[in-house]
Each structure stands twice: as C-alpha cells, then as structure tokens.
Amino acid sequence: MLNLIRLRTVAEYAADPDLAPPAPISGREAYDRYVAHTLPFLSESGGGLEMMAAGGNWLVGPDDERWDIVMLVRQKDMATFLAFEQNEAYLAGIGHRTAAAEDTRLLPLTV
C-alpha cells in the first residue's frame with residue numbers, strides 16, 4: 001500500500017477527545033503516535049512498514065499539492081489488510097491518524 005499523507009499544522013482531536021493530549025501537538029506528533037500504536041497490529045497481521053519518508057511538493061505535478069509523509073506498507077493480500085483494519089484494538093487508536101491528517105491517499109500495489 002502506498003500511503004500519501006498531508007498533515008495538519010496542529011492535530012485536531014475533536015472527533016476523538018479521549019485520545020487528545022493535555023496540550024496541543026502538531027500533526028506530525030499525532031501521526032507518530034498513530035504509527036507507534038499501529039505497528040504491533042500490522043506486524044501481528046503479517047504486514048510491515050517497508051518505508052516511511054518525508055515528502056514535499058511534486059517535482060512533476062500540481063505546484064500547490066504536497067504530501068508530508070510517504071509510506072510503503074506491505075501486506076500479504078487485500079483480505080489480510082482488511083482484517084487488520086477491522087481489528088478493534090487497532091481501531092481504538094485510529095483517532096490519532098484522524099487528528100493528524102488533513103488529507104490522505106492510499107493506493108494498493110501489487111508486485
């Protein structure tokens with residue numbers, strides 16, 4: 001899965017106030033919390049984080065479009081990925097992702 005993430009400057013926890021830290025944090029900090037929460041569940045499902053890198057503006061593409069984080073996540077197949085995404089314990093921390101991300105794209109890839 002190719003993930004493109006555009007982060008908020010300040011994380012927005014309105015949808016998940018129970019996960020909100022006592023003081024405001026950046027979108028990047030909230031996304032780091034999401035990744036730390038998610039990695040054990042991803043690993044348990046047989047998947048893995050292959051690459052996580054800082055993004056930016058396109059070299060070829062719209063001038064006003066940027067992606068702050070680019071990730072490549074490996075999963076055995078779509079069924080395994082969907083099972084991972086429905087794990088209740090994983091879902092308990094997804095609010096960090098929602099708070100962090102202004103916009104996202106997810107592109108399934110096959111090799």
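Biologist: Why is Y31 called buried?

Modeller: Its relative accessible area is 1%. Buried means under 20%, exposed means over 50%, and partly exposed is what lies in between, with a 1.4 Å probe and protein chains only. The value of 1% is under 20%, so Y31 counts as buried.

Biologist: Good to know! What should I keep in mind about the model itself?

Modeller: This is a predicted model, in which local features need pLDDT of at least 70 and side-chain atom pairs count only at pLDDT 80 or more, while totals for chains, interfaces and linings use all residues. Residues are numbered from 1 along each chain as its sequence is written, and side-chain values use heavy atoms, with hydrogens and water left out.

Biologist: What makes Y31 and Y34 a tilted pair?

Modeller: Let me start with the count, which comes to four aromatic pairs. For Y31 and Y34, the ring centres are 5.3 Å apart and the planes stand at 55 degrees. Rings of Phe, Tyr and Trp (its six-membered ring) pair if their centres lie within 6.5 Å; planes under 30 degrees apart are stacked, over 60 edge-to-face, and the rest tilted. Since 5.3 Å is within 6.5 Å and 55 degrees falls between 30 and 60, this is a tilted pair.

Biologist: Where do Y31 and Y34 sit?

Modeller: Both are in helix α1 (residues 27-44), three residues apart, about one turn of the helix. Helices here are DSSP runs of H or I with at least four residues, strands are runs of E with at least two, and both are numbered from the N terminus. Y34 is buried as well, because its relative accessibility is 8%.

Biologist: And why are F84 and Y90 called tilted?

Modeller: Their ring centres are 4.7 Å apart and their planes are at 40 degrees, so this pair is also tilted. Both F84 and Y90 are buried. Y31, Y34, F81, F84 and Y90 form one aromatic cluster.

Biologist: How do you know that D103 and R6 form a salt bridge?

Modeller: The N to O distance between their side chains is 3.2 Å. A salt bridge needs a side-chain nitrogen of Lys or Arg within 4 Å of a carboxyl oxygen of Asp or Glu, so 3.2 Å qualifies. The pair links distant parts of the chain: D103 is in strand β4 (residues 101-107) and R6 in strand β1, 97 residues apart. R6 is buried at 11%, whereas D103 is partly exposed at 24%.

Biologist: What else does the side chain of R6 reach?

Modeller: A polar atom of the R6 side chain lies 2.9 Å from the backbone oxygen of R66. R6 also touches several residues, including W67, D68 and A101; contact means heavy atoms within 4.5 Å.

Biologist: Why do R28 and D32 count as a salt bridge?

Modeller: Their closest N and O atoms are 3.1 Å apart, which meets the cut-off, so the pair counts. R28 and D32 both lie in helix α1, four residues apart, about one turn of the helix. R28 is partly exposed at 36%, and D32 is partly exposed at 36%. The count for salt bridges comes to five.

Biologist: How do you know that H96 makes a polar contact with Y13?

Modeller: The two side chains come to 2.7 Å. A polar contact is a pair of N or O atoms within 3.5 Å; within protein, one must be able to donate a hydrogen and the other to accept it, and residues adjacent in sequence count only if both atoms are side-chain atoms. The 2.7 Å distance is within 3.5 Å, so the contact counts. H96 lies in helix α4 (residues 95-100) and is buried, with a relative accessible area of 10%. Among the residues that H96 touches are L19, A30 and Y34.

Biologist: Last one: why is M51 called partly exposed?

Modeller: Its relative accessibility is 35%, which lies between 20% and 50%, so M51 counts as partly exposed. M51 is found in strand β2 (residues 48-57).

Technical notes. Lists of a residue's contacts leave out its neighbours within four places in sequence.
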